Each structure stands twice: as structure tokens, then as C-alpha cells.
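Reader: Could you walk me through this model with a few questions and answers?

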Amino acid sequence: MNCRVCHSPDLHRYLDLGKTPLANALLSDPNQKESFFPLEVLVCPNCFLSQLSIVVDPKIMFSHYAYRSSISKTFQAHCREMARACKHWGVAASGALVVDIASNDGCLLRSFQQEGFQRVMGVEPAVNIASIAMQAGIPTVNKFWGIESVQEILNREGPASLVTATNVFAHVDDIGAFVDGVELLLEEDGIFVLEVPYAFDLISHQEWDTIYHEHLSYFLLKPLVQHFEIHRLNVFHVERVPIHGGSLRLYVQKSSSRKREVQISVKNILETEAKSGLYDLATYNGFAQKVLETRKALRHFFEETALAGKKVVGFGATAKGNTLLNYCGIGPEQISFIVDDTPEKQNLFTPGVHIPIRSAQGLQEIPFDYLFLLAWNFKEEIMDKTRWFKQRGGSYLIPIPEVRVI
Ligand code: DWN
Ligand code: ZN
């Protein structure tokens, strides 16, 4: 009903992707009963936060989780770079406590360990994923981020020099309570570094498939700066990073500390947003129009492929792929199966359209004509590991920003 950042009641609905199942609700049996939820995006004409019209209970989505962040080598390298960047902003490896929120299987904290940080602590609500991290030597509090997990860390370890949060802030409904927890845990001169998928890249590169129920907000810098100011935090530096189709990395300190000077990057990115039409509702309507065109182009591709008797296999049983497949009505008649290296996803079926998921083992022995990159954000890595496919005359189908075959 009201904007998550500025509480304005006047929200503009610009995209309706119909009713879809939860993006990571993979099935062990295709006859299993499934729940479908409306998937609609609204933008606030006051602060330009894009947000979903509904909130699904996070306990349903995140208490057991299929996604493992360390599967991709690209993401591993990204984490290493992030750990180095944090050092650059004055977080010394020796003695500093680093706390990662929604630490998944410990991918980011492992990078901090490799960079010499000895005191790391993850907070991860999914029981299956937290236990993988702990087995790998990453101390992890198996809880949702909140006052309870913050108190537990304060009691066990004391305040943190650095709090990180990658790909979690967009998943949170009460972003006020979330950052209050960060403020409570941080040392006076500590830093909070977070990464969110950047709505600038989402809108300008037509990344509409990254819209699903896990992602409640689609952030520009403008509403983020506003939000942190309200909660006694100050954004002192921002970087655009290429991960996941384009993300924003924000460096935040306590307003009471302001140890670090605010960098020109903050002003520059705000100016770029203002110039790019992202503070104009017409841009959002144009984006929605192009989503319809992509669906038409994909359906056309699959009609032609069927007529020509060609076979398509998918790569990456992604959350975003499940938005795309459900919205476009692409199922096992169009895609024989999807390969994924995540053991937690193998031998299951995608939600809604029920495409089988398999390991990539033995793929080279199977004849097929197109590899559909449902994980298009890792296309370089996937194309590199499937060079044999191109060499034998196969083609890649890439859906974003527009449908292409290469
Ligand atoms: O925010 C979120 C992002 C970061 O991750 C979550 N809400 C859910 C998830 O979204 P996704 O599933 O769309 O993310 P990815 O990272 O694009 O998923 C890549 C998938 O592809 C994974 O299932 C792993 C798989 N993969 C693989 O099997 N072999 C990927 C690569 C690069 C590979 O070599
Ligand atoms: Zn707003």
C-alpha cells in the first residue's frame, strides 16, 4: 500500500508478470501441489523505488534454500575483489570482526579468510545452507538477520568492524529494522558494505527476469541514500559492479562517525540516474512494453525450433529463469532439460512449468542444437566451459537484453 522507503501511498504499477510460483520452489515430483502468487511491480513517483505489490513470508522462501553462491567461479572472484576493496577502505585484516548477512555457503567470508581476516561470522537462515558453511569452517548463526542474531553476535564476539550484505537487501520487507540491526552491531568507525542488483541496469538492459518474489525492492541510489540518512547512516562511496547483470556496491558509515569523507562517486551516480530518465514514469512504461516484445520473440523462436525439429537444453536452473519460463509459457515440450552444477537442484523439476534439472555430466554425449543461457549473467563462464558445444556447431540462445542466437 505504501512505498517501502518514503511511505508515499501513490504507487504506479508498470509491470504485471501474471501469477507465478516461487522462483526457487523446485519440485521433487511434477504432480506436487504448487502455490502461485501475483508478480507485479510498482514504482514510487516520489523516491523512485520499484517494489513488488505483495510480500511472501520469508520463512517459506528462505528456511531451506536451493541456491549456493559459490557454484560460480565468477562470483568467487567477485568476492575476492570485494574483500580487497574493503581493506582499501581501512578495515584492517588483523583483529577485525567481519559479519556477513545472508552468508549462504560462506563464499564471501571464505574470501575474507583468504585475505587474512581471522574473525568472520555468517548469518544465514537456511538450515541446509548454513550447515554447509559450518562444515567448511565458516562460523554461522543459523537465523534470519534481526535483533536476536545481532545480540547473539554481540554476546559471542562483540561489535563488528565490517558488516557485509550481498544480494539480500532487496529480499527484505522491513529495511528499517534491517539497517537498525547493522547500526547496533557496528563499531563507531565501522563500515557496512552492501551490494544490490541495480535498477538502472535492470531497466536499461531489460533484465525483467530478475523480478521474482524473493526480490521485493529494485533499488536506485536515490532511495537508498534517503533510507540510510533516515536511519542515521551515511553512504560515503558507491561503485557500479558488473556482477548479476549489474549491481550497486555501497559503502556506508555511521552518521555520528563520518570518519570518511563522502566521495564524488555518490554525486556522480545520482546525476547519472537523474539524466537517464529513471526519475520519469514514462521510462518504466517503455520497459514494460519491451518485456511483451521479448516474450513474443521467445515464443516465436520456440515455434520455429519445433518446426525445424531442433532440440534445446537449458543451462542454469536459475530463479530468474523461472520467471522467464513461467511468464513465457516455456516448458518441457520446448526445453528437454536444464543442467545445473548445484547438487541441491539436480533431479528436481522447475516450478510451474516442470522442466527436469540434471547435472551437466555426460552433456557432451547428448545431441542438441541450442543451449539456452538461463544464467545469462554468467555467460562468459558458461560459454568457456562449454566450448566443445560451439566447436561441434551448436548455438547459444540468450534471452536478455533481447533474444539473440550466437
Ligand atoms: O539474489 C539472488 C541471486 C543472487 O541468486 C537470489 N534471490 C537467487 C539467485 O538468483 P539466480 O538463481 O537467478 O542466480 P544465478 O547466480 O544467476 O544462478 C546461477 C545458476 O546457474 C545456479 O543455479 C548455478 C548455475 N551454474 C552452474 O550450474 N554452473 C552457474 C555457473 C556459472 C556454472 O558454471
Ligand atoms: Zn517512495
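Author: Here are some notes on the model, followed by your questions. This is a predicted model, where local features need pLDDT of at least 70, side-chain atom pairs count only at pLDDT 80 or more, and totals for chains, interfaces and linings use all residues. Residues are numbered from 1 along each chain as its sequence is written, chains are lettered from A and ligands numbered from 1 in the order in which they are written, and side-chain values use heavy atoms, leaving out hydrogens and water.

Reader: Which residues coordinate the zinc ion (ligand 2)?

Author: Donors are N, O and S atoms within 2.8 Å of the metal (3.2 Å for Na, K and Ca); water is not among the atoms, so sites may look incomplete. Here the SG atoms sit at 2.3 Å from the zinc ion. They belong to Cys3, Cys6, Cys44 and Cys47.

Reader: Why does Phe301 count as buried?

Author: Buried means under 20% relative accessible area, exposed over 50%, and partly exposed in between (1.4 Å probe, protein chains only). Phe301 touches Val312, Tyr370, Leu397 and Val405, not counting residues up to four places away in sequence (contact means heavy atoms within 4.5 Å). Phe301 counts as buried because its relative accessibility is 11%.

Reader: How far is a polar side-chain atom of Lys385 from an oxygen atom of ligand 1?

Author: Lys385 is among the closest of the 25 residues that surround ligand 1 (near means a heavy atom within 4 Å). A polar contact is a pair of N or O atoms within 3.5 Å; within protein, one must be able to donate a hydrogen and the other to accept it, and residues adjacent in sequence count only if both atoms are side-chain atoms. For Asn377, the distance from a polar side-chain atom to an oxygen atom of ligand 1 is 2.8 Å. For Lys385, that distance is 2.6 Å.
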